[in-house]
Amino acid sequence: MTDAATDAPAVDWSDPALRRRLARRHRGDMRLKAVGVAALGAACLMLAILVASLVWSGRHAFTQTHVTLAFDVSAEAVPRDDPADGRYRTIVREALYAHFPAVEGRSDQRALADILSDGAKWMLRDRVVANPELIGRTVELAVPVSDPYDQLAKGLVDPEAAEENRRLSDREIGWFRQLEEQGLISTPVNWGLIANADSRFPELTGLRGALWGSFYALLVCFLISFPVGIATGIYLEEFAPKNRWTDLIEVNINNLAAVPSVVFGLLALAVFIGWFGLPRSAPLVGGMTLALMTLPTIIIATRAAVKAVPPSIRDAALGVGASHHQVVTGHVLPLAMPGILTGTIIGLAQALGETAPLLLIGMNAFITQPPEGVTDAATALPTQIYIWADSPERGFVARTSAAICVLLAFLVAMNAVAIFLRKRFERQW
Amino acid sequence: MTVTMEHEAINRQPAGSRDVKITARGVNVRYGETHAIKDVDVDILDRAVTSFIGPSGCGKSTFLRCLNRMNDTIPICRVTGEILLDGEDIYARSVDPALLRARVGMVFQKPNPFPKSVYDNVAYGPRIHGLVAGRGETDATVERALRRAGLWEEVKDRLHQPGTGLSGGQQQRLCIARAIATEPEVLLMDEPCSALDPIATARIEELIDELRENYTIIIVTHSMQQAARVSQRTAFFHLGVMVEYGETPKIFTNPDDKRTQDYITGRFG
């Protein structure tokens, strides 16, 4: 209430200059909003392009060409007392030759047999072993064709190109067309992509081993990093004295979050495999390595979430005589849980996509058996993608994209779980 | 000043000497370099309402928080001097702050119910101290506390709905119920009405008046009218020093100190 205030000149709110300034400010608001919308639009567009291109280039891997043949499982070829020991290779070949009586001579017949996937005889064997009553009968079974013919069926081989520049000769294409005319060719959904383990043959390969490997590695990673991360975060935020040591620890934790992942791989190789003598290529070691990388994320998320719990709740609990641990477990932790879970899922999602450290500990090996525990050799989804991307067969091109789609689906599912959990734990004030 | 109301409050107060519940001698509080409370001596009477008044930042809340050792949670805070509850030093090594806080309950400035049900809010203290065993005993304790806090009739049909869903005034009474559920001897109230509307404030003030039959109540308030209405004794704090302490009517009508005079007549603060 000084004199100067009362002496101030009256403001002319209809002054055109003031109006112009106001209009300029509003234009500024609009510009800021437009920039934000444009940025969001660009991000969405990129994402859409990424997913669309993956699905497009992976689309051929979602189906697999099969040929349906009648296999004569005779009692001479397959011993009844040991069905696994039958001459299935011959049975499979004879079934194919029956459709091409004109093809004679060893080398021609061998070329003809290449239509079928190497896995055909194993599929037939598995079928017979599972049901020995089939011995002595004729079995109708759709078996995958080999990769070049699969490519042909999907229109990826150009029959107009010069014969020496394509993988199939005119004669071979003729054989396949003949099978097509007889209605023996079908292209069902390729469940093998998820149900089969890795294979050198694209038509047989699948992600089963990698899915289990990733699952076990993430399980180990979660079991280590979640409790350790929360305990560390809570201690640092609630109990630790604020001194030079805790400052140092804090700086180092923040730095750890930014350490390149390949360094963690080297560390794991030296310590977990070298010193501790843990098995190579095992999801156990992979999970421990990923836990090292996930820990800083969870610790930082926990601390932020604990810090965000209103002090009034702490006061309320202390005020009725709760001890420090009762305040933490009864009030702070439940209220911080949504934030902690969000951080954990972000950390695990990062871990799921991490490739470099897994390469160093050998989780990029060629393994045709899905792991049955955390100590069995396995691959993980990202390393499987890496292996396939590195493979020369044409069929792996589409399968690499398809595997990335599976990885993304896995990620989306994990995030959905995170959102669900967060909604469940969230409380109303 | 609302002189008539002051006198109503005093008239209901039986005259004569009373027992001293809390004795403070030479209490100093330092936050790092800041000297927040300087040499405070005070005797708080049993089963009476004592109010602490003073301008913002004068240390009245800090002193209040010394009485149940809530300042212990602030690492840089150092309390020296002697505070006796029933003749027992509450800063002695043998005293556990958790038990002390059950005996010296606290109600905060902003209503701060737990994000749990009304029932669980009140039952929390008795449960953690093991004062209740079994469902029936807990039910009885919760009902008793809510009745004393004058909230029972309003919430008896919604005991299992969140306490945060109540109105501001109801939330504050819920916090009072929570504080008295552990059967404390002293109730500290740190500006309990500053976030409430006048009607809710009046309700709390009535409640304080009822509660003083059973509890020693210390209330920090910004409102001099409130201090005059609810308290029998008043302490005036200024810049960390307790300037004057005495019977409420005397403080408001005939203070000894010039600073008290200036404050209650609205010259500063």
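Helices (H or I, at least four residues) and strands (E, at least two) are taken here as DSSP runs, numbered from the N terminus. The model is predicted. On this basis, chain B has eleven helices and ten strands. Its radius of gyration is 18 Å, close to the 18 Å given by the globule rule for 269 residues, so chain B is as compact as a globular protein of that length. The C-alpha trace of chain B spans about 55 × 45 × 35 Å along its principal axes. Of the 269 residues in chain B, 45% are buried. Among contacts in chain B with a separation of 6 or more, 70% join residues 24 or more positions apart.

In the contact between the chains, 23 residues of chain B meet 16 residues of chain A. The elements of chain B that each supply at least two residues to this side are listed below.

| Element of chain B | Residues |
|---|---|
| α3 | 97-103 |
| β6 | 104-107 |
| α4 | 118-128 |
| α7 | 168-180 |

The largest share, four residues, comes from α3(B). By class, the side of chain B that touches chain A has 13 nonpolar, seven polar and three charged residues.

Within chain A, helix α13 (residues 311-319) packs against helix α14 (residues 324-353) at an angle of about 155°, with the axes 10 Å apart. Since angles over 145 degrees count as roughly antiparallel, α13(A) is roughly antiparallel to α14(A). The crossing of α13(A) and α14(A) is right-handed. Residues making the contact include I313(A) and L318(A) of α13(A), and V327(A) and L335(A) of α14(A). The residues of this contact comprise six nonpolar, three polar and one charged.

Methods: Residues are numbered from 1 along each chain as its sequence is written. Chains are lettered from A and ligands numbered from 1 in the order in which they are written. This is a predicted model: local features need pLDDT of at least 70, side-chain atom pairs count only at pLDDT 80 or more; totals for chains, interfaces and linings use all residues. Two residues are in contact if their C-beta atoms, placed from the backbone, lie within 7 Å. Ala, Val, Leu, Ile, Met, Phe, Trp, Tyr, Cys and Pro count as nonpolar, Asp, Glu, Lys and Arg as charged, and the others, Gly among them, as polar. The radius of gyration is taken over C-alpha atoms; the globule rule is 2.2 Å times the number of residues to the power 0.38. A residue is buried if 20 or more other C-beta atoms lie within 10 Å of its own, exposed if 12 or fewer, and partly exposed in between; C-beta atoms are placed from the backbone. Axes are lines fitted to C-alpha atoms, for helices over the stretch in contact, and angles run from 0 to 180 degrees between N-to-C directions. Angles under 35 degrees count as roughly parallel, over 145 as roughly antiparallel, 65 to 115 as roughly perpendicular and the rest as oblique. A crossing is left-handed if the near helix is turned anticlockwise from the far one by less than a right angle, and right-handed if clockwise.
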